[in-house]
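Hello,

Here is the structure for you to look at. My notes follow below it.

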Amino acid sequence: MTGYRPSTKIVSTILVALAMTVSLPVKISQAEELKLTLATGISPKVPTGWIIENYLPEKLKQYSEGRIVPNVHGNKSLCSEHKCVEQALLGQIDIGTTSSGNIGSFGTTFDILNLPYIFKDTAGAQKVTNGWLAKELQKRGIAEMKVHVLAIYPSFGFRNLDNNIREVRVPSDLKGIKIRVTKTATEFNLIKAWGGVPVPYDWGQLYEGLQTKVVNGMYIPDAYVAARKFYEVAPYITRVGGAWNPHIIFMAQKRYEELPEWARTVIDRVAAELQEEAWAIDEEWKAKAMTQLDGNTQIYTPTPEEFKLWYKGAPDAWEAVKGSYDPVLATRALKEQGLDSLLADLQAKGLL
């Protein structure tokens, strides 16, 4: 029995169909499309929220020539703070944000950023974190938390005390006032050293918590009070400073390593630009937000003698978390900024 041979007409029809299929236009960008889910619990009224919802998506699309397709979830619609870290590690989101305080529930790598008065001012924080410290923390974040840090940047500067009970001038005025803190032992112990009652509390529920007085106050930058209208439920502000408020944009290290090389190159480029540009972005947003405090808050700035009382709480907080920070890194940061007085106090107590 001879094998079946299609007729010339059938063969021609098949060839024409194949030719038509091959000639269909195929966009390279569609063929290599990569969807990335970006999430934050921060409001778009705060630069971190804007960075996730606008800055990163636009840059990722631009530098990938459309191959990266961002799926954005802002303003706690998918996760908030430490929950974003959890979801990234579980593979539920690709890029997330958290404060340096709330990532503390996953390890101690970033605790050094929360140490009171380790940064002299914004310029000092920028000098240190844009250089050697960021690189060192990125390396340690991978080793300890399996987290790949894209950028460490400012979020409205330094923290101050806010409450809805009374004007606070000196630490003893904090007695009995419940202050919401992040999930870091450093902040917890600083508030405790000042005489307040530290209460770990979810950021996404903070307005309601203040409104119902489950908590009475918080330790956050003034511009957050303005942007989130916290002055409606906590009008007293005391400018004690001390703790810088950095935010971290991150991925799970596993997810980062799974990406194709071209995508990692794009993400690295965007992250490096953000690390540099975020400081100017933050200052611009901070200036706009601060105008809302006028007439809505009662702000108190401690006198030099009163400030010394607040400063005394710093070594106590450092001592309470001894072992969670690298004394070599902390010493280098203090020396580079000329913070000799704090350095001497900490060395006298055997903390460095």
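Helix α3 (residues 47–63) lies across β1 (34–39), β2, β3, β4 and β10, and runs at about 165° to β2. Please keep in mind that this is a predicted model.

Start with the sheet itself. It is open and has five strands, in the order β2-β1-β3-β10-β4. The pairing is mixed. Which strands stand at the edges? They are β2 (68–73) and β4 (147–158). Each has a single partner strand, so one side of each is left without a neighbour in the sheet. On average, neighbouring strands are turned by 25° against each other, direction ignored.

Now look at β3. Strand β3 (residues 95–99) pairs with strand β10 (residues 244–252) in the antiparallel sense, over four bridges. Two places in β3 show this pairing. Gly96 stands opposite Phe250 in β10. Ser99 stands opposite His247 in β10. With β1, β3 pairs in the parallel sense, over two bridges. Here Gly96 of β3 is the bridge partner of Ala39.

Is β3 covered or open to the outside? Five of its five residues are buried, so the strand counts as mostly covered. In a regular strand the side chains alternate between the two faces of the sheet. In β3, both faces are covered. Ile95, Thr97 and Ser99 are buried on one side. Gly96 and Thr98 are buried on the other.

Helix α11 (residues 261–290) lies across β1, β2, β4 and β10. It runs at about 10° to β4. Is Lys286 buried or exposed? Its relative accessible area is 18%, and buried means under 20%, so Lys286 is buried. What does Lys286 touch, leaving aside its neighbours within four places in sequence? Its contacts are Thr122, Phe156, Gly157 and Ala223.

Next, a pair of helices. The axes of helix α6 (residues 132–145) and helix α14 (residues 327–336) come within 11 Å. They cross at roughly 165°. That makes α6 roughly antiparallel to α14, because angles over 145 degrees count as such. The crossing of the two is left-handed. From α6, the contact uses Trp132, Leu133, Glu136 and Arg140. From α14, it uses Leu329, Arg332, Ala333 and Glu336. Of these contact residues, four are nonpolar, none is polar and four are charged.

Last, two loop residues to check by eye. Asn75 sits in the loop between β2 and α4 (82–89). Its phi is near 55°, a positive value in a residue other than glycine. Asn75 has 36% relative accessibility and counts as partly exposed. Lys229 is in the loop between α9 (222–227) and β9 (236–238). Phi of Lys229 is also positive, near 55°, and this residue too is not a glycine. At 35% relative accessibility, Lys229 counts as partly exposed.

Best wishes

How values were computed
Residues are numbered from 1 along each chain as its sequence is written. This is a predicted model: local features need pLDDT of at least 70, side-chain atom pairs count only at pLDDT 80 or more; totals for chains, interfaces and linings use all residues. Side-chain values use heavy atoms; hydrogens and water are left out. Axes are lines fitted to C-alpha atoms, for helices over the stretch in contact, and angles run from 0 to 180 degrees between N-to-C directions. Angles under 35 degrees count as roughly parallel, over 145 as roughly antiparallel, 65 to 115 as roughly perpendicular and the rest as oblique. A crossing is left-handed if the near helix is turned anticlockwise from the far one by less than a right angle, and right-handed if clockwise. Contact means heavy atoms within 4.5 Å. Ala, Val, Leu, Ile, Met, Phe, Trp, Tyr, Cys and Pro count as nonpolar, Asp, Glu, Lys and Arg as charged, and the others, Gly among them, as polar. Two strands pair if DSSP finds at least two bridges between them. Buried means under 20% relative accessible area, exposed over 50%, partly exposed in between (1.4 Å probe, protein chains only).
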